Amino acid sequence: MNDLKKFMETVILRLENEGRYGTAHVYQSTLNAILRYWQIRQKGTIKLDKVFTPVLLQDFERYLLENMLSMNTVSTYMRMLRAIYHRATKEKRIKWRQGLFDTVYTGVRADTKRSLTAKHMGNILVAQQSLPSLKEAQSWFTLLFLLRGMPFIDLARLRKCDLYGDTLIYKRQKTGRIITVNVTPEAMRLIKQLANRNPQSPYLLSILPSNSELQNGNCFGSKEELYQAILRGFNRRLNELSRRMNLGEKLSSYTARHTWATTAYQKKCATGVICNALGHSSIKVTETYLKAFEQKEID
């Protein structure tokens with residue numbers, strides 16, 4: 001299989017079968033981008049040995065920049081291509097070339113502020129919401145922060161059997177790492193408030209429906225499409241919450257995670273400790289979370 005499109009589709013399917021839907025989505029976005037590029041700038045089948053050359057990678061990068069994509073988006077696509085390249089070389093589909101991605105951007109710029117100040121986070125934690133939809137979004141967001149910056153996909157897929165007394169032990173969807181989190185009394189009250197009351201559902205919280213509930217009236221093509229719709233709705237409600245509270249900040253599900261990391265760093269927690277707490281694959285990932293805070297301190 002020397003066809004990039006077919007090879008990437010195989011990888012995407014494998015990721016979806018492993019339940020790594022978020023990663024699969026990023027791979028699919030990368031594939032869509034390179035297919036659009038190929039249609040405009042190249043001809044014929046997208047062969048692996050044609051794609052993975054310094055000249056083509058640099059031209060693809062120029063194409064992305066010409067289409068006004070941010071540096072972080074360009075980096076994401078390049079890193080996904082690099083991961084595909086590593087898979088292809090490991091499977092002997094293409095020869096390894098030293099430093100192939102050295103001339104394209106694969107870093108992470110920290111110019112976008114993604115964490116809240118302590119004051120704003122405190123306001124969200126204690127604010128009283130009259131609208132049920134905003135109250136629910138506030139509760140989800142608060143739990144993400146109190147459970148050590150847990151990603152929303154992990155919160156949504158927590159199982160009832162993952163809670164042992166006042167301890168959560170769960171497997172991260174993205175990395176597969178086993179994470180242990182102490183549940184504070186404040187977090188436990190929210191968990192009980194948001195608990196899934198359906199005895200047939202495996203989920204701890206009432207965010208995702210069970211498989212049986214999905215079969216009875218699901219208008220989405222797959223569980224992943226349903227999750228993405230729930231996530232989009234959550235982010236919309238968070239921005240409405242920010243607007244009503246006059247925070248002047250754009251909120252998303254990941255804001256709680258970045259805020260937790262920054263707060264821990266401000267409290268002089270070692271970067272290695274924060275890395276383990278967040279379940280990152282390496283300390284380099286954690287450092288990208290903290291770059292914006294460090295730049296603010298420098299300024």
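Ala33 is found in helix α2, which covers residues 21–41. The model is a predicted one. Is Ala33 buried or exposed? Its relative accessibility is 2%, and because buried means under 20%, Ala33 counts as buried. Setting aside neighbours within four places in sequence, the residues in contact with Ala33 are Phe60, Tyr63, Leu64 and Tyr77. Tyr289 lies 256 residues from Ala33 along the chain, and the C-alpha atoms of the two are separated by 26 Å.

Helix α12 is the next element to consider. It runs over residues 253–266, 14 residues in total. At 1.5 Å a residue this helix should span 20 Å, and the C-alpha atoms at its ends are 21 Å apart, so the two values agree. How many of the residues of α12 are buried? Ten of the 14 are, and α12 is therefore largely enclosed by the rest of the structure. The buried residues of α12 are Ser253, Thr255, Ala256, Arg257, His258, Thr259, Trp260, Ala261, Thr262 and Ala264. An α-helix has 3.6 residues a turn, so residues three or four places apart point the same way. After α12 comes Lys268, which has a positive phi, near 70°.

The structure holds one cavity of 30 Å³ or more, and the volume of the largest cavity is about 40 Å³. By residue class, the lining of the largest cavity divides into eight nonpolar, two polar and two charged residues.

The second largest pocket is an open space, with a volume of about 430 Å³. It is lined by 21 residues. Which of them lie nearest its centre? These are Arg157, Arg159, Lys171, Gln173 and Tyr203. The lining of this pocket comprises ten charged, six polar and five nonpolar residues. For the largest cavity, by contrast, the lining has two charged residues and eight nonpolar ones.

Definitions and conventions
Residues numbered from 1 in each chain as written. Predicted model: local features only at pLDDT ≥ 70, side-chain atom pairs only at ≥ 80, totals over all residues. Heavy atoms only, no water. Helix = DSSP H or I, 4+ residues; strand = E, 2+ residues; numbered from the N terminus. Expected span 1.5 Å × (residues − 1). Buried < 20%, exposed > 50% of the residue type's maximum accessible area, 1.4 Å probe, protein only. 1 Å grid on protein atoms, 1.4 Å probe; cavity = no way out; pocket = protein on both sides within 12 Å on 5 of 7 lines; lining within 4 Å. Points joined across faces, edges and corners; volume = space filled by probe spheres on them. Nonpolar A, V, L, I, M, F, W, Y, C, P; charged D, E, K, R; others polar. Contact = heavy atoms within 4.5 Å.
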